[in-house]
Amino acid sequence: MTDITPSAPKGRIGKIIDSDVFYSYRTSPVAIIASIIATILVLGALFAPWIAPYDPFNPRTLNLMNGFTPPMSESFTGNFFLFGSDHQGRDVFSAILYGSRVSLMVGLSAIMFAMVLGVSLGLIAGYRGGLTDTVIMRIADVQLSFPSILIALLIFGVARGIIPPSQQESMAIFVLIFAIGLSDWAQFARTVRGTTMVEKQKDYVSAARILGVKPIFILIRHILPNVVGPVLVIATIGLALAIIAEATLSFLGVGVPPTQPSLGTLIRIGQQFLFSGEWWILFYPAVTLILLALSVNLLGDWLRDALNPRLR
Amino acid sequence: MTETLKAAPVSQPVLSVKDLKVVFHLRRGDFTAVDGISFDIMPGEVLGVVGESGAGKSMTGTAIMGLIDRPGEVTATSISLKGERIDGLDEESMRRIRGKRIGMVFQDPLTSLNPLYTVGEQLIETIRRHLPLNEKQARERAIELLADAGIPDPAGRIDSYPHQFSGGMRQRVVISLALAAEPELVIADEPTSALDVSVQAQIIKVLKRLCAQRGVAVMLITHDMGVIAEAADRMIVMNKGKIVETGPVGDIIHRPQEPYTIKLIEAIPSIKSQNPRYVAAVAKGEVAIGGKTDAPIVTVDNLSKVFDLSPSLFARVLGGKSRKLVNAVNDVSFSIQRGQTYGLVGESGSGKSTCARMIVGLLEPTSGSIKLEGADIWRDKEATARRRQKIQMIFQDPYASLNPRWRVGEIIAEPIRALGISKNATEIGDRVADLLERVRLDPAAMRKYPHEFSGGQRQRIAIARALSSQPEFIICDEPTSALDVSVQAQVLELMSRLQEEFGLTYLLISHNLAVIRQMADAVGVLHNGVMVENGEVEQIFSDPRADYTRMLLDAVPDIAKVA
């Protein structure tokens, strides 16, 4: 057997470039394109205040005279609109930049929340087993048997009832994050529980138990690092779903307040004008949402394959 | 070094392989698993292929059967079965050859049988696919085959499912299945490695007898020189994808020519050689080794463990017929003298690992006591703390016993940190470096991850971890059974040396009797959870009292048995 002699890569960056995951990235055109699109969208959202030609939420800069300007043209007042403008004379392009900001922020926070909750419960269920496991996993099962958007709607509705009307506007985003996050934890819990049950049988866990290491430390220091792979994959794919969930809720009018429109809100506004010929108000936000969700999803798919060579 | 037998004019070789290469095209370059090997197998001959892990022996068998998938590539001048070329055939023609002309027996009998069909259905299907028989005739033939393979009451057992057979019986079924279509060649890849010694001996006999009766040639692939010695006529020694040596089994075992073969054979512990410490003690005129010291370090009294395998909580509480209790360990007593090694021997399911887990504190005993220096380890918090301080464990599988996400340095330092022996980072670093040196590893290894090491090196890391809290008593649960023989010899040697250096006491658990004879001072034999024999090592090996021990000793395949 001739040994494969890897040309030992130097330094941390060298190691990353030489790693199998990076190799799989380099050789996957889908992953490269998806990551480029995702990066552009994320950067656009992040630097919205500097990139956007107009501030779409400052009523003073809005001019009704600019309303319904088609894409790539100038309005009566001489302003140029790349993606056209809506009925209030808002620049669609700027609105998309600010809108993806809200969408991404809500999506990311929701998935982080779901991840922390799901991973913790999954670890506990998998490690403790028995009654704890049964209770946690049955709750997850019940929840997974409903469409998650329905759960989010339910949570959103309940929260509306609890929070006093005066604070509803300001709390709306947090309620949204909570609702989407809570409807998504079960996926994490299931995967993590399975992996935990496999890992806890392994002798390195026994070795720690012999030393009397407390279960909480065994979970955090020993088992957690070994379950992050699948969790990362679910989180990436989940992010796409969370963004769509937010858009759906906003489209239904129960999401973020109209003063802070997300991509979903923009689509809701746009669809009113679709049949009167002002297609761009709906079209561009919708395409952005599709590109964002699709690219993140494809990245998640690629990550799953890259981290699990058996699936290739 | 490759020797090709000249084809005798009278009989043509069943299998003739010329210049076989298996290359895997990986992104870091080509990896040659089998590097240009040539050999012949004559009709009725058993050819043993032996080598350590990674030698390319299984790859050779798989390549002959045409089962190498991408990115692997098989090239050969020729592979011929009874003079017909079988290399480069398309998948469809190859499928007709597999099963019909080449039978296969794999290591794990559970995965080679379909759990959803009865044994009979699988046999009849195979027979009818390849032979022109009707359902009834095929069934009769299947019963005959099972009877030949030594399955008692074959007519009654033919409609059982694979899980209703024991491991040994299942492997007999797999052998019948391999022979069902009357093949000319059987390729057996580690057919007995998953089985206990007593069963292993029977399976080798069955395989050898059946093939001899039918004139079937056998390619027997194994890492176990003892199995080859017992079963094969001629053997090939492989290393790094090449044939090192080939010839009649007796010649190679008694007069190995190549340095690699010599080293390999020397590394095999023989069950016939006496315990070195015993020999030394006798030479000095002492009667027993070590002599009885004052008080034993560990005493186990009437230890029992019952597992409740009842299907539901209901059955557990109510009892009755559905209550299923398993006595894994039943009333076991023994004691271990300080500075000695106590060997615990038994087949799978004998309760030896359960014993180990109770002594180390992972499982609570159902009844009985385990005393460490006179104090019960399960008594109170203080006793638990003392147990953690003084008892450590080395596990069987060095791939599962080291956390793959931790650096070696952190792994070895874990006991030091967990037991609060030291909190000073530099002091811990120094100790880890010292431990690595003592297990003959480079201290720079502490910054690497476990996957960067071989199996033997990982086991050294595991030993270093066990030593880091300065225990007095170490439980070694099959410490070398996942390792190659040459590596096993090194690890055992290291264990002996560390024992002297630190005055350690070992509880050595193994199914390998030769290892136990070489290492232990006293031995206990477990069978189905019961201690059938307990005494000093040479007494047990030279004059066993229990029938079970005698049977176990006779069953061990040994290279010394070759004429």
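Predicted model: local features only at pLDDT ≥ 70, side-chain atom pairs only at ≥ 80, totals over all residues.

Residues are numbered from 1 along each chain as its sequence is written, while chains are lettered from A and ligands numbered from 1 in the order in which they are written.

**Stop 1: chain A**

Select residues 100–300 of chain A, which an unreviewed UniProt entry annotates as "domain: ABC transmembrane type-1". (UniProt positions use the numbering used here, feature names are shortened, and annotations may be inferred rather than shown by experiment.) The span is 84% helix and 0% strand, and its end C-alpha atoms lie 19 Å apart. Helices (H or I, at least four residues) and strands (E, at least two) are DSSP runs, numbered from the N terminus.

Now try pieces that the unreviewed UniProt entry lists as "transmembrane region", including 102–124 and 281–303 of chain A. Residues 102–124 are 100% helix, with end C-alpha atoms 33 Å apart. Residues 281–303 are 100% helix too, and there the ends are 34 Å apart.

**Stop 2: a sheet in chain B**

Jump to chain B, where the unreviewed UniProt entry places "domain: ABC transporter" at residues 17–265 and 298–553. Residues 17–265 are 40% helix and 27% strand.

Color β7-β8-β9-β3-β10-β11 of chain B: in that order, these 6 strands form an open sheet with mixed pairing. (Two strands pair if DSSP finds at least two bridges between them.) Which strands stand at the edges? They are β7 (102–105) and β11 (242–248), each with a single partner strand, so one side of each has no neighbour in the sheet. Neighbouring strands are turned by 15° against each other on average, direction ignored.

Zoom in on β3 (46–50) and β9 (217–222) of chain B, which run parallel and are joined by 5 bridges. B:G48 stands opposite B:L220 there. Then show helix α7 (167–179) of chain B, which packs on the sheet, touching β7 and β8 (185–189), with its direction at about 170° to that of β7(B). (Axes are lines fitted to C-alpha atoms, for helices over the stretch in contact, and angles run from 0 to 180 degrees between N-to-C directions.)

**Stop 3: a covered helix**

Select α1 (57–64) of chain B: 8 of its 8 residues are buried. (Buried means 20 or more other C-beta atoms within 10 Å of a residue's own, exposed means 12 or fewer, and partly exposed is in between; C-beta atoms are placed from the backbone.) Just after α1(B), B:G66 takes a positive phi of about 70°.

**Stop 4: the largest nonpolar core**

A nonpolar core is a set of buried Ala, Val, Leu, Ile, Met, Phe, Trp, Tyr and Cys residues joined through C-beta atoms within 7 Å. The largest one has 246 residues, and B:L220 is among those with the most contacts inside it. Helix α5 (92–128) of chain A gives the most to this core, with 19 residues.

**Stop 5**

Finish with β17-β18-β19-β14-β20-β21 of chain B, an open sheet of 6 strands with mixed pairing. The twist averages 15° from one strand to the next. Strand β20 (522–527) and β21 of chain B pair in the antiparallel sense over 6 bridges, and B:A522 stands opposite B:E536 in β21(B).

Definitions and conventions
Pairing = 2+ DSSP bridges. Contact = placed C-beta atoms within 7 Å.
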